[in-house]
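Let's chat through the aromatic rings in this one. Have a look at the model first.

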Amino acid sequence: MARRRSERMLVTKVTGLGEARETKRSPDELIVEEPMSIQLDGTLTATTMRTPGNDFELAAGFCHTEGLLGGASIVGVRYCVDGSAVGSEFNIVTVETGGRAPQPTPRLGNVSSSCGWCGSEQIDDLCDRLAPIPTSEAFDLDVIAGMPDRVLGGQGLFARTGSVHAAAAFTRSGDVVLMREDVGRHNAVDKVIGSMLLDPAQTLPAESDEQFGLFVSGRASIEMVQKAWAGGFSAVVAVSAPTALAVDAARRANLMLAGFVRGTRFNVYAPERL
């Protein structure tokens, strides 16, 4: 069933100042935002506000990047483990491992961009869970500089609404493998990783000999670095700034992190020196 991802509403549009000001009622297209509960083997793990679409990818990607699978393989993903998917308005998704994944601890409240991070102790936890990315030659800087134009030009939802983030996986040569959009940039990243996890024709970077970069249209928060690290990406490219905690995590992960990537100028935060 195709889900509505945007809707048209009448708004008042204002142009000009003072006596030159004009107002006009006209339709505008707005992004849809709905809550989605993610279950693992029937147990609630989290609820996130997302743009409907690619829901199975989002749920699978979230369980993977948050370390909830514990190495277990996903055997299925479906809407609403109990009752009707229509009855839940397609807003409950369960990821199934046949009970092989550890019992998840539900999060209290909705998933947000801050994601409950509190400091370097959780980076230590990540280091215990995830091995550093294998050392390799850094991504070509011309490829890094060109990623915003390659990705953002394909943002169909953003072109219509102006209110969604994009995430994309790209190769060392700069080819965009896939792109996803969502009202939450963490959701967009999980959709990219979930797609690579569920599609037999694709492979997560962590399971491949080929290296991939991850592009994000917003800032590079610690959560973006965590998810990229969990997916095995070798680089994160962001159009805005990273946080200090994200830089610390990227350096410990041996992951290249570039921010303020706009035109021909950008900053490389990790590694400390090229």
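Q: Which residues do ring pairs link into a cluster?
A: Quick ground rules: this is a predicted model, where local features need pLDDT of at least 70, side-chain atom pairs count only at pLDDT 80 or more, and totals for chains, interfaces and linings use all residues. Residues are numbered from 1 along each chain as its sequence is written, and side-chain values use heavy atoms, leaving out hydrogens and water. Rings of Phe, Tyr and Trp (its six-membered ring) pair if their centres lie within 6.5 Å; planes under 30 degrees apart are stacked, over 60 edge-to-face, the rest tilted. Ring pairs built that way join up Phe56, Tyr79 and Phe90.

Q: How many aromatic pairs does this rule give?
A: Counting by the ring-centre rule, the total is 3.
One of them is Phe56 with Tyr79, a tilted pair at 4.9 Å centre to centre and 50° between the planes. So the number of aromatic pairs you want is 3.

Q: What kind of pair do Phe139 and Phe170 make?
A: Their ring centres are 5.7 Å apart. The planes sit at 80°, so the pair is edge-to-face.

Q: Is Phe170 buried or exposed?
A: Buried means under 20% relative accessible area, exposed over 50%, partly exposed in between (1.4 Å probe, protein chains only). Phe170 comes out at 0% relative accessibility, so the call is buried.

Q: Which residue has its charged end over the ring of Phe139?
A: A charge sits over a ring if NZ of Lys or CZ of Arg is within 6 Å of the ring centre and within 35 degrees of the ring normal. Here the charged end is 4.9 Å from the centre of the Phe139 ring, and it belongs to Arg172.
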